[in-house]
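Here is a briefing on one protein chain. Keep the sequence and the model side by side as you read.

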Amino acid sequence: MIFLVSAVVAVMTFFLILLFVIYARYIKRRDLFSRLEKYHVRSRQLENEEETPKSFMELIQHFLAHAAAPFSGFSSIQEWDIKVRQAGIPLLGGEFLIVIFLSAILTGVGTWMLTLDKITALLMGIAVILFFWLFISFRISQRKRIFISQLGDALQTISNALRAGYSFPQSMDAVAKEMEPPISEEFFQVTREVAMGMPLEASLESMNKRMSSSDFDLVVTAVIIQREVGGNLAQILDTISDTIAERIRLKREMYTLTAQGRLSAKVIFLLPFVIAFMFYCIQPSQIMILFENPIGRMALVICLILDIIGMVVIQRILDVKI
């Protein structure tokens with residue numbers, strides 16, 4: 001069993017390292033203008049590109065791009081494109097799905113070769129898919145939380161730059177250069193799209209769609225209205241920045257006040273599993289009756305459903321909209 005777990009962890013670690021290596025290479029190559037300059041200086045290399053052997057990472061990227069190309073037009077794949085971009089993963093939605101399913105298949109096949117048990121192999125494959133789903137959900141929520149906490153400082157930077165005589169695109173470029181990810185990455189994406197000819201309003205709407213933040217929606221609305229009817233944009237951004245700072249303060253205060261309730265929800269959810277594990281360690285024969293008897297299995301399913309319902313109800317009660 002220990003060897004099985006070690007093998008599965010090794011496979012999952014390999015694909016995680018692969019994703020991080022691809023991300024590191026993406027960071028080095030994401031500047032479009034430096035890439036164009038590089039190709040201009042080394043233009044002769046393009047003539048011999050087919051003759052030059054590709055690295056392992058380039059082969060992986062080439063394989064993922066070609067494998068995902070037939071599915072890129074589907075609406076569900078485009079939704080995954082947004083999710084992957086929200087998580088800050090330098091892959092397309094189809095490419096990320098291919099990585100998930102390849103990881104699940106390899107893990108399932110490896111588990112089946114070690115155990116010769118199809119059910120265990122299937123469960124391990126499903127576990128890998130759930131792991132990636134939880135990973136991308138965690139990354140999205142983490143980036144959104146950091147983005148919102150950085151938004152007030154970014155608006156102050158833009159406001160000060162506007163007062164100093166900068167244009168709005170130049171102010172966004174200052175945020176992209178001076179602040180930390182993820183807000184610097186998002187504003188860099190906007191400035192790059194504007195430099196390539198995309199309207200500023202459309203680029204900001206695209207950024208708002210990626211981040212799905214009500215706070216940033218205020219900024220986008222203010223910028224669009226100001227560009228249509230005029231006004232002091234620096235003063236408007238200062239007002240929005242103060243509003244966002246006050247909302248963040250209230251959210252942190254509510255988070256503190258509901259800490260006991262959130263801890264109670266976690267304890268209520270985990271308590272049956274902890275008790276079952278203790279019974280299994282002390283008297284295994286007693287707890288195994290629930291798994292071997294049909295009525296016991298039905299009772300376990302009902303208890304699990306009620307446990308999840310209780311967790312969801314408590315979370316809904318504690319989820320105060322500000």
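**Briefing: helix packing and cores**

Helix α8 (residues 168–178) packs against helix α9 (residues 183–195) at an angle of about 145 degrees, and their axes are 8 Å apart. Axes are lines fitted to C-alpha atoms, for helices over the stretch in contact, and angles run from 0 to 180 degrees between N-to-C directions. The model is predicted: local features need pLDDT of at least 70, side-chain atom pairs count only at pLDDT 80 or more, and totals for chains, interfaces and linings use all residues. Residues are numbered from 1 along each chain as its sequence is written, and side-chain values use heavy atoms, with hydrogens and water left out.

**The α8/α9 pair**

- The crossing of α8 and α9 is left-handed (the near helix is turned anticlockwise from the far one by less than a right angle).
- On the α8 side, the contact (heavy atoms within 4.5 Å) is made by Pro169, Met172, Asp173, Val175 and Ala176.
- On the α9 side, Ser184, Phe187, Phe188, Val190 and Thr191 make the contact.
- Seven residues of this contact are nonpolar, two are polar and one is charged. Ala, Val, Leu, Ile, Met, Phe, Trp, Tyr, Cys and Pro count as nonpolar, Asp, Glu, Lys and Arg as charged, and the others, Gly among them, as polar.
- Pro182 lies in the loop between α8 and α9. The peptide bond from Pro181 to Pro182 is cis, with omega near 10 degrees.

**Whole chain**

- The chain has 15 helices and zero strands. Helices (H or I, at least four residues) and strands (E, at least two) are DSSP runs, numbered from the N terminus.
- Of the 322 residues in the chain, 32% are buried (under 20% relative accessible area; exposed is over 50%, partly exposed in between, with a 1.4 Å probe and protein chains only).
- Take the contacts between residues at least 6 apart in sequence: 67% of them join residues at least 24 apart.

**Confidence**

- The average pLDDT of the chain is 76, and 75% of the residues score at least 70. pLDDT is the predictor's confidence in each residue, from 0 to 100.
- Residues 31–53 have a pLDDT below 50. Beyond near neighbours in sequence, that stretch has six contacts in the model.

**Nonpolar cores**

- The largest nonpolar core has 31 residues. Such a core is a set of buried Ala, Val, Leu, Ile, Met, Phe, Trp, Tyr and Cys residues joined through side-chain atoms within 4.5 Å.
- Ile158, Phe168, Met172, Phe187, Leu204 and Phe216 touch the most other members.
- At least two residues of this core come from each of α7, α8, α9, α10 (200–211), α11 (214–229) and α12 (233–257).
- Helix α7 gives the most, with seven residues.
- A second, separate core of 15 residues includes Ala87, Leu91, Phe96 and Ala104.
- Leaving out residues up to four places away in sequence, Phe187 touches Ala154, Ile158, Met172, Val175, Ala176, Met207 and Phe216.

- Ser159 is in helix α7 (residues 118–163). Ser159 counts as buried because its relative accessibility is 0%.
- Beyond residues up to four places away in sequence, Ser159 touches Ala234, Leu237 and Asp238.
- Ser241 lies in helix α12. Its relative accessibility is 5%, so Ser241 counts as buried.
- Setting aside neighbours within four places in sequence, Ser241 is in contact with Gly152, Leu155 and Gln156.
- Ser241 and Ser159 are 82 residues apart along the chain, and their C-alpha atoms are separated by 9.6 Å.
- Gln150 is another residue of helix α7. At 12% relative accessibility, Gln150 counts as buried.
- Not counting residues up to four places away in sequence, Gln150 touches Met179, Glu180, Pro181, Pro182 and Ile183.
- Gln170 sits in helix α8. Gln170 is partly exposed, with a relative accessible area of 44%.
- The C-alpha atoms of Gln170 and Ile158 are separated by 8.8 Å, and the two residues are 12 apart along the chain.
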